Amino acid sequence: MDLNLFAEHTDTRWEITPHGNMRVPAVIYANEALIRSMDEKVYEQLCNVATLPGIVQSAYAMPDAHWGYGFPIGGVAAFDPEQGGVVSGGGVGFDISCGVRTLHTGLQREEILADQQKLATELSRSIPAGLGSTGRIHLNDTDMEAMLRGGAQWAVAQGFGNADDLARIEEDGCMQGAEPWQVSAKARQRQRDEMGTLGSGNHYLEVQHITTLYDEDIARVYGLHVGDIMVSIHCGSRGLGHQIGTEFLKEMATSAVRHDIHLPDRELACAPINSDIGQRYLGAMRAGINCALANRQIITDLTRKAFASVLAKAELRLLYDVSHNTCKLEEHEVKGKRRKLYIHRKGATRAYGPGHADVPETLRSAGQPVLIGGSMGTASYILAGTAASEQQAFSSACHGAGRAMSRHQAKHQYRGREVIDELAGRGIIIKSPSLRGVAEEAQGAYKDVAAVVDAADQAGLARKVARLEPLIVVKG
Amino acid sequence: MPSGRATGPTCCEFIMDTYWEHFEHGADIGVRGVAPSKQEAFAQAAVALCAVITDIEQVATEESIAVSCSAVDDELLLVEWLNTLIFEMATRRMLFARFDVEIDKQQLVATAWGEPLQPDKHQPAVEVKGATYTALRVAQDANDSWRAECVVDV
């Protein structure tokens, strides 16, 4: 990206002055190296977001931003319904509430090495992954309705995990305002056999060990120590979320004219929050969030059982579960006034700071955990939300490394077998049904997650707490 | 770049190519169908879609399903067509490799040929989540060849 596009900047905050139809500035949080390597579509898409009605303060992009659908991936934007603010399916994404949850195991690295292969085999056997895989849970109409309404709370009531898990999930595991009746028959049909499945592409389950702590105080509150074995699960709302995204994108794209909304990009399809279609989308999207939360809760239960059969000593306790494709109604301070705003985070993670009432009491003094997945075979990070983050980008931070190379290029540059062997040489076991899928997810195809996380820390979006490296990767 | 090519009629004036290919996109992948007719371009775009998931040479074309869809214009029809196939593949757990497509105004009727998905045989690389409006285009080129393309989210 051309640095001359920015009227003003600091080391970590790059501002685009409103021009054309922009109602507010656009701001990218990144260091200079990340800005230079960022694709120019991020600039174009962020400026487009800044034209939407009812947008508040600025349109924001995170350090890992890249070309998305209407919104850049890594995009954050807040809208005020009382000022004609809109809700956008593109600002949430197809994979509604895709997110990460990270669990403690109570084990240290040396305690699993002898059983690493056995554990990898048991996890890949137990957790359905990849296209065509089906879960062992098949929902009838009543179950589907209850799951869309209840999310992880429903899953716990069905016997997947325990009630202690719920406080460690955003929204206590159940998104309020879900309206299952807004979810189409097709979306339900797509989900019927997919509960408790990992999906494919960049979704994964990883067994990791903590290599470094950056903030001892926060690490103590989170219960993290060097050498701890952790488990992270990255997946979303599967077929149901995708179908909701597809259907409402189509409806909003064709209805924009009726609402007098000029779309600079058809993909930025949106509708006024206070419109029939806006409300229907919110109801369906919230049900989609519940589907993702339920899915991760079921996979957690499968993971616990897999561990129990190999390492009976393990006790998997949830650290936290974050979602990074959502639109949520939140209260934020804008120019000294508290306002209720609809915050879109598309490939961005909520990052509430210390003391926030919505952070679980046991973690509140440190701020919300922000879980950043690396690419396959690279490090992941745990960060903590900061007090400053609210003013920066409505308490938001990055979500991962972002791709540096298209899937197309990656599958020509990397061979799945070689990637698997190279990782094995570093002590990392990968289980995947597809060599091509492995090639497309190779480390070199992604940006440097360490640089992204450093930039987020320097910009005040979230504070670095711990670094983790994988030992086992199960991907679809 | 992965692609599949079949020559058009060899008699009479022109040999116009009929093929599918993928094109670049940062996070995901573009699918493109090129053919002398719009319907065949749509069919080729669908083959390109399936080739995102698997090596289509590995997909036997012995079973078929009938699909239909409609939209307000050609471009939205392409997205609708691809999303209809994505839905059918997901819910029937099938993969397809060949399509017969008819389009009348913006009504599409088609037969999709394929077989049940077998992970060991087909080794699916990714699941396509949906067709998008990014790089969406359905138009005739200067040489009257039809191109139908868009980016799909994986």
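## The open sheet of chain A

Let's begin with chain A, where 7 strands line up in an open sheet with mixed pairing, in the order 1-2-3-4-5-13-12. At its edges stand strand 1 (8-9) and strand 12 (325-334) of chain A; each has a single partner strand, so one side of each is left without a neighbour in the sheet. Please keep in mind as you look around that this is a predicted model.

What holds neighbouring strands together? Strands of a sheet pair through backbone hydrogen bonds, either parallel or antiparallel. In chain A, strand 3 (residues 26-29) and strand 4 (residues 59-66) run parallel and are joined by 3 bridges. To find one such place, look for V27(A), whose bridge partner in strand 4 of chain A is Y60(A). Helix 2 (residues 40-49) of chain A packs on this sheet, where it touches strand 2 (13-16), strand 3, strand 4 and strand 5 (73-79) of chain A. The direction of helix 2 makes about 155 degrees with that of strand 4 of chain A.

## The sheet of chain B and its helices

Now move over to chain B. Here 3 strands form an open sheet in the order 4-6-5, and the pairing is antiparallel. Strand 4 (63-70) and strand 5 (94-104) of chain B are the edge strands, each pairing on one side only. On average, neighbouring strands of this sheet are turned by 20 degrees against each other, direction ignored.

How many bridges link strand 5 of chain B to strand 6 (residues 107-116) of chain B? There are 10 bridges between these two antiparallel strands. One spot to look at is D100(B), which stands opposite T111(B) in strand 6 of chain B.

Two helices of chain B also belong in this picture. Helix 1 (residues 38-53) of chain B lies across strand 5 and strand 6, running at about 165 degrees to strand 5 of chain B. Helix 2 (residues 74-92) of chain B lies across strand 4, strand 5 and strand 6, and runs at about 140 degrees to strand 4 of chain B.

## Charged pairs

Side chains of opposite charge can pair when their charged atoms come close. Over all chains, the whole structure holds 41 salt bridges. One of them joins the side chains of R32(B) and E21(B), at 2.7 Å from N to O. This pair links distant parts of the chain: R32(B) sits in strand 3 (residues 29-35) of chain B and E21(B) in strand 2 (residues 18-24) of chain B, 11 residues apart.

## Where the two chains meet

Finally, look at the place where the chains touch. In this interface, 41 residues of chain A are in contact with 43 residues of chain B. Together the two chains bury about 3,600 Å², with 56% of it on carbon and sulfur atoms. Between chain A and chain B there are 4 salt bridges, including one between the side chains of R266(A) and E75(B) at 3.1 Å, N to O. The interface also has 8 residue pairs in polar contact, with both residues at pLDDT 80 or more.

Which elements of chain A give two or more residues to the side that touches chain B? They are helix 5 (185-191), helix 7 (238-255), helix 10 (407-413) and helix 12 (435-440) of chain A. Helix 7 of chain A gives the largest share, 8 residues. Sorted by class, this side of chain A has 10 nonpolar, 17 polar and 14 charged residues.

Methods
Residues are numbered from 1 along each chain as its sequence is written. Chains are lettered from A and ligands numbered from 1 in the order in which they are written. This is a predicted model: local features need pLDDT of at least 70, side-chain atom pairs count only at pLDDT 80 or more; totals for chains, interfaces and linings use all residues. Side-chain values use heavy atoms; hydrogens and water are left out. Contact means heavy atoms within 4.5 Å. Buried area is the accessible area (1.4 Å probe) that two parts lose on being put together, summed over both. A polar contact is a pair of N or O atoms within 3.5 Å; within protein, one must be able to donate a hydrogen and the other to accept it, and residues adjacent in sequence count only if both atoms are side-chain atoms. Helices (H or I, at least four residues) and strands (E, at least two) are DSSP runs, numbered from the N terminus. Ala, Val, Leu, Ile, Met, Phe, Trp, Tyr, Cys and Pro count as nonpolar, Asp, Glu, Lys and Arg as charged, and the others, Gly among them, as polar. Two strands pair if DSSP finds at least two bridges between them. Axes are lines fitted to C-alpha atoms, for helices over the stretch in contact, and angles run from 0 to 180 degrees between N-to-C directions.
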